[in-house]
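Colleague: I've got a model open and I'd like to learn how to read it. Can we go through it together, a feature at a time?

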Amino acid sequence: MDRFTGRVAVITGGARGIGRATAERFAREGASVAVVDLDEASAARTAAELPLTEGAGALGVGADVSRADSVEAAVARVHERFGRLDVLMNNAGLIRDNLLFKMPESDWDLVMGVHLKGAFLMSKAAQRHMVEQGSGAIVNVSSTSALGSRGQANYSAAKAGIQGFTRTLAAELGPKGIRVNAVAPGFIATEMTDATARRLGVEPEEFRRLNAEATPVRRVGRPEDIASATAYLASDDAGFITGQVLYVDGGATVG
Ligand code: NAP
């Protein structure tokens, strides 16, 4: 498939995990890809390893999505390099889980800052170029945790906020040719879920097995599951879809 030939995709948190798998997917489908991540060296390493098609390019950019100056500089670099911006995936994230009574204010601010403010800042900077072009697609990363998740008051609120943000941007930007959707992953095997396992004192392998057992399709998700859903939502195949939240969770929220 070459759904993204001649297009430019920006993936935040793209150096590893879900973001990296999605960057690879866009590259394989013809896009030029900008991998934006906190650490410039990791972003550049991933960018250099992408399976690009002929004529496409890759760029690694070090940026903190929760800081306006950093975001402005990152989006400017991407636009300077490629001359356009077609797809933005707001994927950068972290967790700071704790029960409410033990959650420091700083962890609330950090999680809100990266997920929610990060998506706001990146979308605001990217849409300028998309509006100029008269086209674009934004895919925000929510989570099944948006529905409520013990020990994740900060993360759950941020991921629920992403859903309202998505619907609102869809209404505002639709007339400009820009579609905005969200994917809401369930349990995906990445360093993020491995870290949760270790924090709970469970081996990551065992944690995955237990989560697979509790999931209707009897497996946990792979980063590629989110990559393919994101690529679909960002592609012309989804040209009449905007303001939607697609749960990609093996049925975890239904059974
Ligand atoms: P991951 O492996 O931990 O990757 C997250 C990436 O985001 C890391 O490369 C991290 O950089 C980067 N990042 C963190 N803060 C950043 C910031 N301020 N600016 C720029 N980049 C930043 O996580 P993942 O599992 O792939 O998760 C990706 C997204 O999916 C997140 O939004 C997450 O909440 C969401 N999600 C994941 C799951 C799951 O089960 N894994 C489920 C639902 C939703 P560093 O390595 O330098 O920290």
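Colleague: Where is Ser32 placed?

Modeller: Ser32 sits in strand β2, which covers residues 32-37. Before we go on, this is a predicted model, so local features need pLDDT of at least 70 and side-chain atom pairs count only at pLDDT 80 or more, while totals for chains, interfaces and linings use all residues. Residues are numbered from 1 along each chain as its sequence is written, and side-chain values use heavy atoms, with hydrogens and water left out.

Colleague: Is Ser32 buried or exposed?

Modeller: Relative accessible area settles that: buried means under 20%, exposed over 50%, and partly exposed in between, using a 1.4 Å probe and protein chains only. Ser32 has 10%, so it counts as buried.

Colleague: And which residues does Ser32 touch?

Modeller: A contact means heavy atoms within 4.5 Å. Not counting residues up to four places away in sequence, Ser32 touches Arg7, Val8, Ala9, Ala56, Gly57 and Phe82.

Colleague: Which residues does His129 touch?

Modeller: His129 lies in helix α4 too, which takes in residues 105-133. With residues up to four places away left out, His129 touches Val75, His79 and Leu85. His129 has a relative accessible area of 14%, so it is buried.

Colleague: What about a loop residue, say Ala15: buried or exposed?

Modeller: Ala15 is in the loop between β1 (8-12) and α1 (17-28). Ala15 is buried, with a relative accessible area of 11%. Its contacts beyond four places in sequence include Arg20, Val35 and Asp37. From Ala15 to Asp39 is 24 residues in sequence and 8.5 Å in space, C-alpha to C-alpha.

Colleague: Now Arg218. Where does it lie?

Modeller: Arg218 is in the loop between α7 (204-213) and α8 (223-234). Arg218 counts as exposed because its relative accessibility is 58%. Look at its backbone as well: phi is near 60°, a positive value in a residue other than glycine.

Colleague: Zooming out, how many helices and strands are there?

Modeller: The protein chain has eight helices and seven strands. Of its 255 residues, 53% count as buried. Among contacts between residues at least 6 apart in sequence, 71% join residues at least 24 apart.

Colleague: How do I read the radius of gyration?

Modeller: It is taken over C-alpha atoms, and the globule rule is 2.2 Å times the number of residues to the power 0.38. For 255 residues, a compact globule would come out near 18 Å, and the protein chain has 17 Å, which agrees. The C-alpha atoms fill a box of roughly 45 × 35 × 35 Å along the principal axes.

Colleague: Which domains does the assignment give?

Modeller: Domain bounds come from an automatic or database domain assignment. Here that gives domain 1 (8-186 + 222-247) and domain 2 (188-220). Their C-alpha centres lie 23 Å apart, and 14 residues of domain 1 are in contact with nine residues of domain 2.

Notes
Helices (H or I, at least four residues) and strands (E, at least two) are DSSP runs, numbered from the N terminus.
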